[in-house]
Amino acid sequence: MDYERQPYRRCGRSGLLLPAVSLGLWHNFGGGKSLDSQRAIFNKALDLGITHFDIADRYGPPFGAAEATFNRLLPRSLRDEVVVTTKGSNPMWDGPYGKGNSRKHLLATLDRSLARLGLDFVDIFYLHRDDEGTPLEEQVATLDYMVRTGRTLYVGVSNFSPERTAEAARLLRELGTPLLIHQPSYSLLNRKIEHGLLGVLEQEGVGCVVYSPLAQGLLTDRYLDGIPADSRAAEARFLTPDRVTPEVLAFVRSLSELAASRGQTVAQLSLAWALRDPRVTSVLVGASSPEQLEANVAAVDRLDFSDDELAAIDRAAKEAGIEA
């Protein structure tokens, strides 16, 4: 494992350090994929200093497959050198207790995740989304109980509003279990967290690991000449063709010119841009090959932006009708 390949950032005001680029196991670690190809990506991640692996109970397909795959990939000798996460809240089995953030469901789904992972505990357990039907006090008390019973070392939330994040942080602090991290969507095509959430995280001392920093592949050069037949947009798999608009493509072409002047690809520029804010601890990337993962991690070689470059990005977004 090359710990010098990329920087590690402190997660909020905790003692935990995370790599600037982390690996998400959403798309490429379920059934129907070759274990050899999955192992090649995992081993390349270790070579690139990626110590943080983001999973959820629902990741696959089928549900739970990514956790089972990770069980097969992780050498137990490396357990203390990696951060393993999983999430709850998702519909996982039939009946009233198979989803949501009740204490009943969350404890059951985490125990099932631990069995699939072959681990005694995870490093971070997230509430994958808020559940307004369950009192927030019950949700956070369950997180606190998970830490106290050794099922997880840290807890986080994902897709929570700024207001609910602040309240969850307060309630957890009163229980003595700090809120470690929030996982929101953030990219050059989705900057909503700049308008409230990042300020809350900074005030509360909570880390931030962002998903979809490449907007499901839109922030690459993949679609500049049309929608490839084997792409996510063509298959309507997590990205629908209607999102590949002329406005988005015009914006990406502008980014392509700026990226070239920086010696980067559009994807590398987009990842570096997300990491420009010190409140962002890490960006999550997926990978369909070791080469793609290596190219994404190369974003850390150029994380600096001049004021003129940032202004040019905002101007290109405005001209294309993209919210900046």
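Figure 1. N159 is partly exposed, at 35% relative accessibility. In this predicted model, N159 sits in the loop that runs between β7 (152-158) and α5 (162-175). N159 is not a glycine, yet its phi is positive, at about 65 degrees.

**Figure 2. S89 in the loop between β5 and α3.** The strand of this view spans 83-88 and the helix spans 103-117, with S89 in the loop between these two elements. Phi of S89 is near 105 degrees, which is a positive value in a residue other than glycine. Is S89 buried or exposed? S89 counts as buried, because its relative accessibility is 6% and the cut-off for buried is under 20%.

**Figure 3. Cis peptide bonds at P61 and P62.** G60 and P61 are joined by a cis peptide bond with omega of about 0 degrees. Another cis peptide bond, with omega of about -10 degrees, joins P61 and P62. P61 is placed in the loop between β4 (52-54) and α2 (65-73). P62 is likewise placed in the loop between β4 and α2.

**Figure 4. Cysteines C11 and C208.** Zero disulfides are found when the whole structure is searched. For C11, which is in no disulfide, the nearest cysteine sulfur is that of C208, 8.9 Å away. For C208, also in no disulfide, the nearest cysteine sulfur is that of C11, at 8.9 Å. C11 is buried, with a relative accessible area of 0%. C208 is buried as well, and its relative accessible area is 0%.

**Figure 5. The whole chain, as context for the close-up views.** The chain contains 11 helices and 10 strands. Its radius of gyration is 19 Å, close to the 20 Å given by the globule rule for 324 residues, so the chain is as compact as a globular protein of that length. Along the principal axes, the C-alpha atoms fill a box of roughly 50 × 45 × 40 Å. Among the 324 residues of the chain, 55% count as buried. Of the contacts with a separation of 6 or more, 75% are between residues 24 or more positions apart. The chain exposes about 13700 Å², and carbon and sulfur atoms supply 50% of this area.

Terms used:
Residues numbered from 1 in each chain as written. Predicted model: local features only at pLDDT ≥ 70, side-chain atom pairs only at ≥ 80, totals over all residues. Heavy atoms only, no water. Disulfide = S-S within 2.5 Å. Buried < 20%, exposed > 50% of the residue type's maximum accessible area, 1.4 Å probe, protein only. Helix = DSSP H or I, 4+ residues; strand = E, 2+ residues; numbered from the N terminus. Rg over C-alpha atoms; globule rule 2.2 N^0.38 Å. Contact = heavy atoms within 4.5 Å. Areas by Shrake-Rupley, 256 points an atom, 1.4 Å probe, with all protein chains shown as cover.
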